[in-house]
Amino acid sequence: MKRLLSLLLLLTPALAQFSDAEVLGRCQEVFAQLRPVGFYLEPIANPRQGWLIRVLLGTREPGAAQPLSRLTLDNRLVLVPVGLEDLAQPIERPALTALRLINQGRRRMEQIGRRLQMANWMVPEAQAYRCFLLVDGRVMGFLRLSRSLEPLPEPRWLADFRRSPYRWPSEEAQGNP
């Protein structure tokens with residue numbers, strides 16, 4: 001009897017299927033709350049090849065901000081589509097220009113934020129749903145929802161942010177990130 005009960009408890013989340021409209025509605029709710037929570041420069045494979053600006057998007061909840069999505073800007077502060085980071089124009093000397101580029105990137109995000117929109121499709125994954133962020137019809141980022149439609153943070157991006165020598169906000173005392 002205990003085995004049957006534990007099997008049912010394990011299968012319950014798998015049986016809870018949501019329609020595409022419900023998933024997209026929840027994606028839209030989370031998308032409406034997204035704000036830039038951090039900027040950092042990340043090396044392209046090897047720091048000698050250059051750096052890209054990464055913008056972490058998340059929600060500002062009491063306690064901590066977890067990155068739910070990430071956008072990429074190149075040295076011209078132009079958004080780079082997902083998967084095309086290797087073709088972006090890298091920042092070659094971040095030590096000289098990091099502060100200026102991050103400040104300009106923050107201002108640029110205000111302009112981009114007006115053009116950023118949620119796609120009207122999603123992709124179900126094994127343990128989550130993936131919703132896509134678009135600018136001018138191009139996929140610039142994504143966010144993931146669990147099977148219970150809760151936002152899934154990307155801890156790897158937070159670790160990358162903390163490792164970067166060039167980041168904003170630079171002090172952990174201001175919150176997480």
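Q: Which residue of β3 is the bridge partner of glycine 58?
A: In this predicted model, β2 and β3 run antiparallel and are joined by six bridges. Isoleucine 53 stands opposite leucine 73 in β3, and the bridge partner of glycine 58 in that strand is proline 67.

Q: In what order do the strands of the open sheet stand, and which of them are at the edges?
A: Four strands form the open sheet in the order β3-β2-β1-β8, with antiparallel pairing. An edge strand has a single partner strand, so one side of it is left without a neighbour in the sheet, and the strands that stand there are β3 and β8 (167-168).

Q: Which helix packs on the sheet, and what angle does its direction make with that of β1?
A: The helix that packs on the sheet touches β1, β2, β3 and β8. This helix is α3, and its direction makes with that of β1 an angle of about 145°.

Q: How many bridges pair β1 with β2?
A: Within the sheet order β3-β2-β1-β8, β2 stands between β3 and β1. In β2, leucine 52 is the bridge partner of glutamate 42. The two strands β1 and β2 pair in the antiparallel sense, and the number of bridges is eight.

Q: Why is β2 described as largely enclosed by the rest of the structure, and how many of its residues are buried?
A: In a regular strand the side chains alternate between the two faces of the sheet. In β2, Trp51, Ile53, Val55 and Leu57 lie on one side and Leu52, Arg54, Leu56 and Gly58 on the other, and both faces are covered. The strand is largely enclosed because the buried residues number eight of the eight.

Q: With which residues is leucine 57 in contact, leaving aside its neighbours within four places in sequence?
A: Once its neighbours within four places in sequence are left aside, its contacts are Leu34, Arg35, Pro36, Val37, Gln66, Pro67, Leu68, Ser69, Leu71, Met109, Leu116 and Leu133.

Q: What span should α2 have at 1.5 Å a residue, and how far apart are its end C-alpha atoms?
A: The helix α2 has 14 residues, and at 1.5 Å a residue these should span 20 Å. The prediction and the model agree, because the distance between the end C-alpha atoms is 20 Å.

Q: Which residues of α2 are buried, and what arc around the axis do they cover?
A: In α2 the buried residues are Val23, Cys27, Val30 and Phe31. They are on the same side of α2 because the arc they cover around the axis is only 105°. What covers these buried residues includes β3, β4, β5, β6 and β7 (151-152), so the value asked for, the arc, is only 105°.

Q: How many residues lie between β4 and β5 in their hairpin?
A: β4 and β5 run antiparallel and are joined by six bridges, with proline 124 opposite tyrosine 129 in β5. In the hairpin that these strands form, the number of residues between them is three.

Q: Which residue in the turn between β5 and β6 has a positive phi?
A: Eight bridges join β5 to β6, which run antiparallel, and in β6 the bridge partner of valine 135 is arginine 138. The two strands form a hairpin with two residues between them, and the turn residue with a positive phi, of about 55°, is aspartate 136.

Conventions. Residues are numbered from 1 along each chain as its sequence is written. This is a predicted model: local features need pLDDT of at least 70, side-chain atom pairs count only at pLDDT 80 or more; totals for chains, interfaces and linings use all residues. Side-chain values use heavy atoms; hydrogens and water are left out. Contact means heavy atoms within 4.5 Å. The expected span of a helix is 1.5 Å times one less than its number of residues. Buried means under 20% relative accessible area, exposed over 50%, partly exposed in between (1.4 Å probe, protein chains only). The arc is that of the directions from the helix axis to the C-beta atoms. Two strands pair if DSSP finds at least two bridges between them. Axes are lines fitted to C-alpha atoms, for helices over the stretch in contact, and angles run from 0 to 180 degrees between N-to-C directions.
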